[in-house]
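Q: I've got a structure open on my screen and I'd like to learn how to read it. Could you walk me through it?

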Amino acid sequence: MGGTDEPAGQRVGLGTIVREWGRIGSIGFGGPPTHIALLRQLCVERRGWITAAEFEDGIAATNLLPGPASTQLAIFTAWRLRGIPGALLGGAAFIVPGLVMILALAALFLAGSPPLWVLGAAAGAGAAVAAVAVQAATALIPASWKRAGTTRAARARWAGYFLAGGTAAVLVGPWMVLILIACGLLEVAIRTRESAKVPRRHSMWPLPLATAAPAATGLLALAWVAFKVGALSYSGGFVIIPLMQADAVHTYHWMADSQFLNAVALGQITPGPVVQTVAVVGYAAAGIPGGLLAAAVAFAPSFLFVILGGPRFDALRANAGVQAFLTGAGPAVIGAITGFAIPLALALQHSC
């Protein structure tokens, strides 16, 4: 991967980055698998800007970070081509098309008296969301199970973390993230005891962030919710959905359960990551300005992680403490995504 801000080979124009990353952001229906395939096709197969090995390293590194991994991969590949300006322009070009589309649809879906065809579309899309959540969780299981190891004790812990995450998603709402972090830290402690090595402390940074309880209201509260979405979403965007639901529906009352279900559905039928659902929450809280603010705050950590951490991705991947934390937090995240399908299904039942 290397530590330079730009590759030694071909220099790619910023206009080209804006055009190509914007094109992918416009046609990237289907979520992260589609985004990754389109980026690989562009950067590796068609243009040869990035080697296949470096691209795979980029996928592995961005999957270690909280936040929308495919968006971070888009930012990372643009960063490798043109440094910080490339990361900023490429990331924005990738995000904006889906953001514009989801805000336009939010204006229809959340209108005081939406047309009947809009209500029908919302019901149809919302009915599939719980199933999509379960499918997303199922797709994450094989890699997480393999990461846990082959010993009976390791696999028993994996099952325990999974159950803890699933239970937390159903019962504890916005405090669910504490359970996820606790599972990660427990695995760090167990592996530290086994290896007698002290993990690096930076792997534990989300704990004080997650335990902070903001007293703000209005736009400050919206910014806090969006920041949690962008900074605490591990192993795929679906894990932040129950966090958003607890804040948007139960804490701040910006939306009803049925409206939130529609918001999640919009995140599925538009290009871009699931995290863009936060723009619909922002729209419900404060109109278009709220939607733009929520999106900007939610995606800001992804830009910072890549720009500041890009040269250190190799060290991050090799860090034993980080790997242990993800081994424990990963199955808890998968359990949370699975458990999240229950309140979604209940919301669907109540909206019918």
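**Reading the fold, piece by piece**

A: Happy to. The protein has 15 helices and zero strands. Keep in mind that this is a predicted model. The chain has 352 residues, and 51% of them count as buried.

Q: What share of the contacts with a separation of 6 or more comes from residues 24 or more positions apart?
A: That share is 74%.

Q: How do I tell whether a residue is buried or exposed?
A: Look at relative accessible area: under 20% is buried, over 50% is exposed, and partly exposed is in between. Take Ser302, in helix α13 (residues 277-309). Ser302 counts as buried because its relative accessibility is 0%. Leaving aside neighbours within four places in sequence, Ser302 is in contact with Gly67, Pro68, Gln72 and Ile75.

Q: What does Cys43 touch, not counting residues up to four places away in sequence?
A: Cys43 touches Trp21, Gly48, Trp49, Ile50 and Thr77. Cys43 is found in helix α2 (residues 32-46), and at 0% relative accessibility Cys43 counts as buried. Its C-alpha atom is separated by 9.4 Å from that of Ala78, 35 residues apart along the chain.

Q: Why is helix α11 described as largely enclosed by the rest of the structure?
A: Helix α11 (residues 241-251) has nine of its 11 residues buried, so the rest of the structure largely encloses it. Among those buried residues are Ile241, Met244 and Asp247. Just after α11, have a look at His253, which takes a positive phi of about 60°.

Q: How should I think about salt bridges?
A: Side chains of opposite charge can pair when their charged atoms come close. In this structure, a search finds seven salt bridges. One of them joins Asp247 to Lys228, with the closest N and O atoms 3.0 Å apart. Asp247 lies in helix α11 and Lys228 in helix α10 (residues 218-231), so this pair ties together parts that are 19 residues apart in sequence. Both Asp247 and Lys228 are buried.

Q: Which residues are linked in a network of salt bridges?
A: Arg19, Glu20, Arg23 and Arg47 are linked that way. Within it, the side chains of Glu20 and Arg19 meet at 3.7 Å, N to O. Glu20 is buried, with a relative accessible area of 6%.

Q: Which residues form a nonpolar patch on the surface?
A: Val170, Leu171, Val172, Trp175, Ile179 and Ile342 do, with about 530 Å² of accessible area together. Trp175 sits in the loop between α7 (152-171) and α8 (176-195). Trp175 counts as partly exposed because its relative accessibility is 44%.

Note on methods: Residues are numbered from 1 along each chain as its sequence is written. This is a predicted model: local features need pLDDT of at least 70, side-chain atom pairs count only at pLDDT 80 or more; totals for chains, interfaces and linings use all residues. Side-chain values use heavy atoms; hydrogens and water are left out. Patches are made of residues with over 30% relative accessible area and no salt bridge: like charges are joined within 9 Å, nonpolar side chains (Val, Leu, Ile, Met, Phe, Trp, Tyr) within 5 Å. Accessible areas come from the Shrake-Rupley method with a 1.4 Å probe; for residues, only the protein chains shown count as cover. A salt bridge is a side-chain nitrogen of Lys or Arg within 4 Å of a carboxyl oxygen of Asp or Glu. Helices (H or I, at least four residues) and strands (E, at least two) are DSSP runs, numbered from the N terminus. Buried means under 20% relative accessible area, exposed over 50%, partly exposed in between (1.4 Å probe, protein chains only). Contact means heavy atoms within 4.5 Å.
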